[in-house]
Amino acid sequence: MSTGAHHPDLPDTAVLARQVTAALAAAGHSVATAESLTAGRLAAALADAPGAGGVFLGGVVAYAAEVKTGLLRVDGALVAEQGTVHPEVAAQMAEGARALTGATYGLATTGVAGPAPHDGRPVGTVHVAVSGPRGTRTARPDPPTDRPADVRATAVEAALRLLRDALRPQE
């Protein structure tokens, strides 16, 4: 059974996790996560994929701004000025996870799952980032609803898609 094949019995997130795990393993690369919004769901999605033990180094769940700035080295001035729900915060979280673990790639999520706005950002705001050998990229996916489960699921899927795209050969 190919890990890149479509599995109708698996959710999209599980298929993406299998795809990126296989691609990371084939390339001899590794990944680490830094999560705020998703509270470990991204790490769990990666860990559930066959072969994860060879490529997934670990993750940091960083809800508090002090954990983001202290452990992940997110710029404190950025957090003070913009809050923790910002694309550059996601980028620095991904870079911090990568630096902290020595992983080839770092993945990060930040946002507002609700029930109330946070840092002046509305419920449903999501920022994800991937950091790797070719630099750092961010995305701002739009969840289908503002239900916390949908917001978090959207973030996990978007982060995995960013990693999948970063793993594709350059044209």
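Colleague: Let's start with a proline: what is the place of Pro115 in the model?

Modeller: Pro115 is in the loop between S3 and S4. Helices (H or I, at least four residues) and strands (E, at least two) are DSSP runs, numbered from the N terminus. Before going on, note that this is a predicted model, in which local features need pLDDT of at least 70 and side-chain atom pairs count only at pLDDT 80 or more, while totals for chains, interfaces and linings use all residues. Residues are numbered from 1 along each chain as its sequence is written, and side-chain values use heavy atoms, with hydrogens and water left out.

Colleague: Which residue does a cis peptide bond join to Pro115?

Modeller: The partner is Gly114, and omega of that bond is about 15°.

Colleague: What should I look for in the backbone of Asp119?

Modeller: Asp119 is not a glycine, yet its phi is positive, near 50°. Asp119 also belongs to the loop between S3 and S4. For accessibility, buried means under 20% relative accessible area, exposed over 50%, and partly exposed in between (1.4 Å probe, protein chains only). Asp119, at 34% relative accessibility, is partly exposed.

Colleague: And what is the phi of Arg73?

Modeller: Arg73 has a positive phi too, about 65°, although it is not a glycine. Arg73 lies in the loop between H3 and H4 and is exposed, because its relative accessibility is 65%.

Colleague: Now the helices. How far does H1 reach?

Modeller: The expected span of a helix is 1.5 Å times one less than its number of residues. H1 (residues 12-27) has 16 residues and reaches 22 Å from first to last C-alpha, close to the expected 22 Å. After H1 comes Gly28, with a positive phi near 75°.

Colleague: Which residues of H1 are buried?

Modeller: Here is the general idea. An α-helix has 3.6 residues a turn, so residues three or four places apart point the same way. In H1 the buried residues include Thr13, Leu16, Ala17, Val20 and Leu24. The buried residues of H1 pack against strand S1 (31-35), helix H2 (41-48), strand S3 (105-111) and helix H6 (148-167), where contact means heavy atoms within 4.5 Å.

Colleague: How many residues does H5 have, and what follows it?

Modeller: H5 (residues 87-101) has 15 residues and reaches 22 Å, close to the 21 Å expected. Gly102 follows H5, with a positive phi near 80°. Among the buried residues of H5 are Val89, Ala90, Met93 and Ala97, and their cover includes S1, helix H3 (65-70), H4, S3, S4 and S5.

Colleague: Which residues of the largest nonpolar core touch the most other members?

Modeller: In soluble globular proteins, nonpolar side chains tend to be buried together. A nonpolar core is a set of buried Ala, Val, Leu, Ile, Met, Phe, Trp, Tyr and Cys residues joined through side-chain atoms within 4.5 Å. The largest core here has 30 residues, and Val31, Tyr105, Leu107, Leu160 and Leu163 touch the most other members. H1, H2, S3, S4 and H6 each give it two or more residues, with H6 giving the most, 10 residues. A second, separate core has 16 residues, including Ala62, Leu78, Met93 and Ala129.

Colleague: Last topic, pockets. What volume has the largest pocket?

Modeller: On a 1 Å grid over the protein atoms alone, a pocket is an open set of points where a 1.4 Å probe fits, with protein on both sides within 12 Å along at least five of seven lines; lining residues have an atom within 4 Å of a point. Points are joined across faces, edges and corners, and a volume is the space filled by probe spheres set on them. The largest pocket has about 220 Å³. Of its 15 lining residues, Ser36, Tyr63, Gly111, Val112 and His118 lie nearest its centre.

Colleague: Which elements supply at least two residues of the lining of the second largest pocket?

Modeller: They are strand S4 (126-132), strand S5 (135-139) and H6. This second largest pocket holds about 150 Å³. It is lined by 13 residues, with Arg134, Gly135, Arg137, Asp165 and Ala166 the closest to its centre.
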